Amino acid sequence: MAGWNADTAAGPLGSGAVTLVEGSSFCISLPNGDIRPEHPHGLFVLDSRVLSGWCLTINGQPLEALAAETKEPYRALFAGRAPRLDGYADSPLIVERLREVGSGLREQITVRNYSLEPAECVISVRIEADFADLFEVKEARIQRLWEQTRQVADDALSIRALWQKVRKGVVIQAPRAEITSEALTYRASVAPHGQWSTILTVVPGTGEAGAAVAFVHADGEGVSPQDRRREEWVARIPLLQMGNRSIERTLRRSYDDLGALRIEDREHPDRVVVAAGAPWFMTLFGRDSLWASEMALPVDPSLALGTLQTLADRQGAVVDPMTEEEPGKILHEVRLDVSSGLALGGKSAYYGSVDATPLFVMVLGSVSRWGFAAETIAALLPHADRALAWIRDYGDKDGDGFVEYERLNSQGLINQGWKDSWDGINFADGRMAEPPIALCEVQAYVYVAYQSRASMAYDAGDTALGDELAGRAVQLKKRFNEQFWIPERGYYAIALDRDKQPVDACASNMGHCLWLGLIDEDKAPLVVERLMSPEMFSGWGVRTLATDMGAYNPASYHNGSVWPHDNAIIAAGLLRYGFVEQAQRIATALLEAAEYSGGRLPELFCGFGRDQFTAPVPYPTACSPQAWAATTPILLVTSLMRYDTHVSRGGFWMDPVLPESYGDLHITNAPLAGGRITIDIANAVPTVQGLPEGMTFHRGHRPWFTELVEQAARHPESDVPPR
């Protein structure tokens, strides 16, 4: 996620907070539906809070929460009751709030009277809007006070705001309400066993151009744009049925969340990318969006292509110490609104990520296998080459062959890998490592970047470039296994510090090196033994840091917590090296953990052992939904299916090792090479129907880029056959 320095961590959302998300908009509220300004709640559109207060009262009393159920990622139904004024316990007035988030907010309020007498009700919604920047809200330090004017006209309240020549606004439409500058009020007599209902809408903008409430239902009924967008998404992704209904529900929840986290590039509406996660990261993040789209390739490979194209357009071109931009570097995050000067680096884009750049090349290698037009891939190759030039010229400033990071200004991120909290990289005794820091998993990303680009070069007949990059990969693997391996501990250092000393904490990062093939075969069993030890494996997943390390804290962000995406990558690595039972154990634990949160895995949960607490312990400020957590079940199941393709080589591979408890699997509408295929796995036996012309099914694993490169280097004149 976005890194946090010591003073920029998000505060908790409050018990039972409900988060709705659609594209770059999201809404956070209490479980009774109220948005209260003393919490980090609100309706946010394009990184700006357009509603900071939205509190409903019935006869002056706030609602007592009864239930809050998320119907879709962007829609929830809240049920509450209005307290009685006569002192009796049970109230006959039940209030339902059906809320939908899109480019604004739509809320249908229904009051139901379950008594035998009519109920006189004053229904009021108090409104506050501070137009605070997302960073101000997240960090609980509102810095700017906007000059506001409020105008009531035509069943609407328009709020306009000005700060240093920047204008914002919001329009609240409330048909037939009594409207003041502070609140909307209805007076209703609700018949015995009757109901009263109204619909309110909130849309950003000043209302000057006839602020169209385009995101809502035209007549209060029918299908909204959010529903249509979801229907289009469902129509293009695989339809899945599993014998294990719990896992099926988790996968379908993942599909829904991934669909809701899609955002469009405003300059290229045809491109869709994946936002990092709600609530604070509903925008493009280099690392997060690349990983999530890589993990989601079997669901919709176009997400990865759109992410690559969008990041390529914003690839670093100059040296800027404030934003940490450098030529060829891939950005860390983009902020969407004009107030983004409060973001890291003080501009809309911040580049403080050491791993997004090699990941860009890695994901391009993956995308090149999924059947996109040759010219589409060719257009991205110059960006991949610029990224490799960054690795050489800026990522490895001291020329030791490893890519390391050190922030360029005092406001930048201290740590710039995926464990980017301020205290995330430390020694076994708890001391923090000093930069420049070379992370072990970053070397694995660089390794696969070399292999991926080398393979594409060989395919294009550029033997010289292929040989050069293949040679770099071989040397990197050799140096890595010499300098990062700690023989007396039986695992790899998480990093090398500024003195090139191994940072000797036992951490999960080395699991990424398994998937990408950087670990020597003879060392893999010891790595796996350590990852699956009681100190690392909590029963719900592999911890980020072992319990016998000095910095271990089960309720920390990166020093002992369990991250689902981290575990999915580790499980894929275990399978690559042949450790099937251990991969099954991790996958099953995570999918069981999802059952405790309605099928949705959070960004992370605490690292307490399963023998201590019988359910995963939530981390207070975890994002949910979050992109790479949403794609975790997809990667877990497709890894156990050993499902992959290389379209240009005419191959589709599958060799399932799904646990028996998962049951049989039936998938239709799975994308492949511009067509759609049907997959069945019954009693561990796979069958495929509808393969496009020229594609052949192979029972086994897809050749890794390492294998393809080695074979191409040995036989430069020949095509590497699929196997």
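This is a predicted model: local features need pLDDT of at least 70, side-chain atom pairs count only at pLDDT 80 or more; totals for chains, interfaces and linings use all residues.
A residue counts as buried under 20% relative accessible area, exposed over 50%, and partly exposed in between (1.4 Å probe, protein chains only). Residues are numbered from 1 along each chain as its sequence is written, and side-chain values use heavy atoms, with hydrogens and water left out.

**Overall fold**
- The chain holds 16 helices and 34 strands, which are DSSP runs (helices: H or I, at least four residues; strands: E, at least two) numbered from the N terminus.
- In contacts (heavy atoms within 4.5 Å) with a separation of 6 or more, residues 24 or more positions apart make up 64%.

**Salt bridges**
- Here a side-chain nitrogen of Lys or Arg lies within 4 Å of a carboxyl oxygen of Asp or Glu, and the count comes to 44.
- Glu-404 pairs with Lys-500, with the closest N and O atoms 3.1 Å apart; both sit in loops, so the pair ties together parts 96 residues apart in sequence.
- Glu-404 is buried at 9% relative accessible area, while Lys-500 is partly exposed at 30%.
- Arg-702 meets Asp-644 at 2.9 Å between the closest N and O atoms; Asp-644 lies in strand S29 and Arg-702 in a loop, so parts 58 residues apart in sequence are tied together.
- Arg-702 is buried at 8%, and Asp-644 is buried at 16%.
- Asp-34, Arg-97, Arg-99 and Glu-107 form a linked network of salt bridges.
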